[in-house]
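The entries follow the order in which I looked things up.

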Amino acid sequence: MQILIQNGTVVRSTGRKKADVLVRDGRIAKIAPRIDEAADRVIDAEGCFVFAGFIDTHTHFDLDTGVTVTADNFETGSKAAIVGGTTTVLDFATQDHGMTMHDALNVWHRKAEKSSCNYGFHMAVSEWNDARKAEVDDMFRAGISSFKMYMVYDTMKVNDGQIYDAQKFIGSRGGIIGVHCENYDVLQARILEEKAKGHLDPTAHPVSRPQAVEAEGVARLMRIAELSGYPAWVVHLSTADGLDEVRAARKRGVKVYAETCPQYFTLDVSRYADPDGAKFVMSPPLREARDRAAILNGMRKRDIDFIGTDHCSFTMAQKAIGKDDFSKIPNGGAGVQNRAELVYTYAVRTGAITLEQMALLLSERAARLFGMFPKKGVIRVGADADLVIFDPNARHTISYKTNLHACDNSPYEGMEALGKTRDVILNGELVVENGELTKPYCGTYVFRRPCAWYRK
Ligand code: URP
Ligand code: ZN
Ligand code: ZN
């Protein structure tokens with residue numbers, strides 16, 4: 001199978017140039033100003049950007065919270081991902097209490113059988129003890145070099161000593177742990193305060209988890225990493241104060257990788273007062289203008305490493321579980337389809353970052369840290385042919401009605417996007433044409449090597 005992409009502008013982190021790209025047998029075979037070879041398919045990318053396939057570092061497909069299960073499973077979530085230009089998702093396989101990591105991995109492999117995009121797994125661990133430690137080497141042998149721990153959620157939280165010990169144990173093997181950073185005890189106390197005031201609707205959610213709740217968690221993780229001597233990864237960073245903690249830790253020599261999500265530079269905390277405010281209930285919550293500006297600034301200054309979505313979708317009926325108590329609203333929102341167009345519209349076109357930084361934030365750095373580079377994350381001869389043809393003039397309005405995710409809401413409903421993914425090549429095959437998913441279920445498992453800790 002040979003595909004020729006002509007007349008596009010190839011965008012890499014190092015620059016952009018007009019070039020043709022030839023794809024053969026699943027790999028990039030040639031990049032040149034003009035390629036005239038015969039091909040099974042010729043795609044005219046005139047006026048479009050050609051990017052390395054985007055990597056979403058943070059999705060929760062088919063996640064059982066213990067109360068309810070996400071609206072999207074792999075089948076629906078991956079369809080939304082691929083039409084949005086995400087060729088690889090890194091989903092959180094979750095080791096619930098009483099389960100082994102091996103169990104969780106098997107379960108997640110089964111869940112992902114009908115994936116339309118490539119997928120790898122981070123292993124989210126709810127317990128850290130000798131039995132779990134004994135499984136870690138097998139996880140590396142199975143292609144998993146990244147893990148996750150939570151400072152919050154009753155069913156998932158671990159303590160600081162466990163994070164410290166896991167950082168040393170996993171870090172010494174070349175792995176990294178993403179940590180959900182919030183101060184659990186304080187936010188629980190604040191939830192009780194809000195409820196005591198009769199404040200039960202979604203506007204109480206951000207009040208219970210203000211910026212300092214995240215910043216304290218980030219600061220604590222930074223000190224834990226300083227003590228363990230191994231790198232740390234802050235997931236879904238949402239605040240100016242949290243970013244300050246990351247910068248301060250780096251000055252002390254801590255290797256920190258920071259991830260943010262589009263909701264933290266596009267959406268305002270005032271949305272909790274909307275009639276459908278429950279759909280914005282996610283943790284951390286939406287923030288204020290100062291935080292959005294800081295997150296964009298962090299993206300520009302390369303202090304933020306990559307952008308995931310934290311796609312964790314629930315229908316409005318599921319969100320209504322917490323209609324009389326905001327703290328019972330299932331946490332999370334849908335975003336996996338819209339990440340690239342949101343970054344393009346609200347970060348590139350506003351001048352906050354360059355197109356080259358978009359390539360870095362959506363693909364290259366994730367590929368590097370998570371052991372996929374240089375097969376993925378870059379357009380170069382020999383790399384996997386996961387490619388996105390992005391039309392910067394395809395203005396449209398985002399809506400759950402046109403998104404492929406299986407959820408009757410979107411936090412981005414009604415927002416304008418200035419560009420859109422037009423075509424996607426996955427593993428060397430054209431799977432999305434003119435925005436339509438023409439070849440579903442072509443996703444394959446991405447076996448990952450240990451992390452490349454590129455921060456010195
Ligand atoms: O609200 C969120 N983010 N839900 C998904 C789980 C998590 O915290 O990442
Ligand atoms: Zn989290
Ligand atoms: Zn998450």
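Entry 1, ligand contacts. I began with polar contacts, meaning pairs of N or O atoms within 3.5 Å; within protein, one must be able to donate a hydrogen and the other to accept it, and residues adjacent in sequence count only if both atoms are side-chain atoms. An oxygen atom of ligand 1 lies 3.0 Å from an N or O atom in the His180 side chain. A nitrogen atom of ligand 1 is 2.6 Å from an N or O atom in the side chain of Asp310. From Asn331, a backbone N or O atom is 3.2 Å from a nitrogen atom of ligand 1. I then looked up burial: ligand 1 taken alone exposes 260 Å², of which the protein buries 97% (Shrake-Rupley method, 1.4 Å probe).

The model is predicted, with local features requiring pLDDT of at least 70 and side-chain atom pairs pLDDT 80 or more, while totals for chains, interfaces and linings use all residues. Residues are numbered from 1 along each chain as its sequence is written, chains are lettered from A and ligands numbered from 1 in the order written, and side-chain values use heavy atoms, without hydrogens and water.

I counted as near any residue with a heavy atom within 4 Å. Ligand 1 is surrounded by 13 residues, the closest being Lys148, Tyr153, His180, Ser283 and Asp310.

I searched for a side-chain nitrogen of Lys or Arg within 4 Å of a carboxyl oxygen of Asp or Glu. The whole structure holds 40 salt bridges. In one of them, Asp384 pairs with Arg27, with the closest N and O atoms 3.3 Å apart. This pair links distant parts of the chain, 357 residues apart: Asp384 is in the loop between α14 (355-369) and β14 (387-391), and Arg27 is in strand β3 (residues 27-32). Helices (H or I, at least four residues) and strands (E, at least two) are DSSP runs, numbered from the N terminus.
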